[in-house]
Amino acid sequence: MNKLPFKYFTKSLIVITILVNIYSENLLAQSKNPSPLTFPTPKNIDNMLFYIQRDPNTNTAIYAINYQENGKIDKTNPIKAYWIRYADKGEKKDFSYMQRKFAYGIESKSLNNEEFEFQFVSYKKLPLTLKKVDSDQKYHVFANVNQKKIQVEKIFVRIEGGSFWLPNVKYAEVTGIDASSNKIITERMLLK
């Protein structure tokens, strides 16, 4: 009599294992070829410098000038960053502590009165510069990507699976104005 329940237990375990494998393969297939998302372009955002969009949803990280009440840039924290949660009716929401400290937050330092250097807490290999440009007297962000100086307008990060702590980031694309030609360009970086 003891063999009968063990036999059913073994068969049940095999069936469960097969179902888990089928489900895992379906998830893996989806992560290799994710459904294309239509990303909205943020509009009418006060003092926006650039934005980041990434898989797996349309929520968008906004990076804007952080002005003090006197109208001058906050030199200790020159950029404020937050979400526009397009997946949640477009509500504005601050980054969570974890997002700010480990993913989308930035660290900055003042180079002089009108220029700052910063980097993302999650990827320190891309130094960015925030500075006031003479031609329009506005602040802009610049990055050097593939030997090109780009006035950054947006960054797209392709993520295929992984977890919050270890996302599987395939690449990032930086789109903006090429400083040498004044034309819109997109440069891809493989992140490692």
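## The second largest pocket

Strand E3 gives the largest share of the lining of the second largest pocket, four residues, in a model that is predicted. Here helices (H or I, at least four residues) and strands (E, at least two) are DSSP runs numbered from the N terminus, and a pocket is an open set of points on a 1 Å grid over the protein atoms alone, where a 1.4 Å probe fits, with protein on both sides within 12 Å along at least five of seven lines, its lining residues having an atom within 4 Å of a point. The lining has 16 residues, and Asn 77, Ile 79, Arg 100, Gly 105 and Ile 106 lie nearest the centre of the pocket. Two or more lining residues come from each of E3 (79–85), E4 (91–94), helix H2 (97–102) and E5 (106–112).

Trp 83 has Lys 93 in E4 as its bridge partner. Five residues lie between the two strands of this hairpin, and Lys 89 in the turn has a positive phi of about 65°.

## Contacts of Leu 130

With contact taken as heavy atoms within 4.5 Å, and residues up to four places away in sequence not counted, Leu 130 touches residues including Ile 79, Pro 78, Phe 116 and Tyr 139.

## Basis of the values

Residues are numbered from 1 along each chain as its sequence is written. Local features need pLDDT of at least 70, side-chain atom pairs count only at pLDDT 80 or more, and totals for chains, interfaces and linings use all residues, while side-chain values use heavy atoms, with hydrogens and water left out.

Methods:
Two strands pair if DSSP finds at least two bridges between them.
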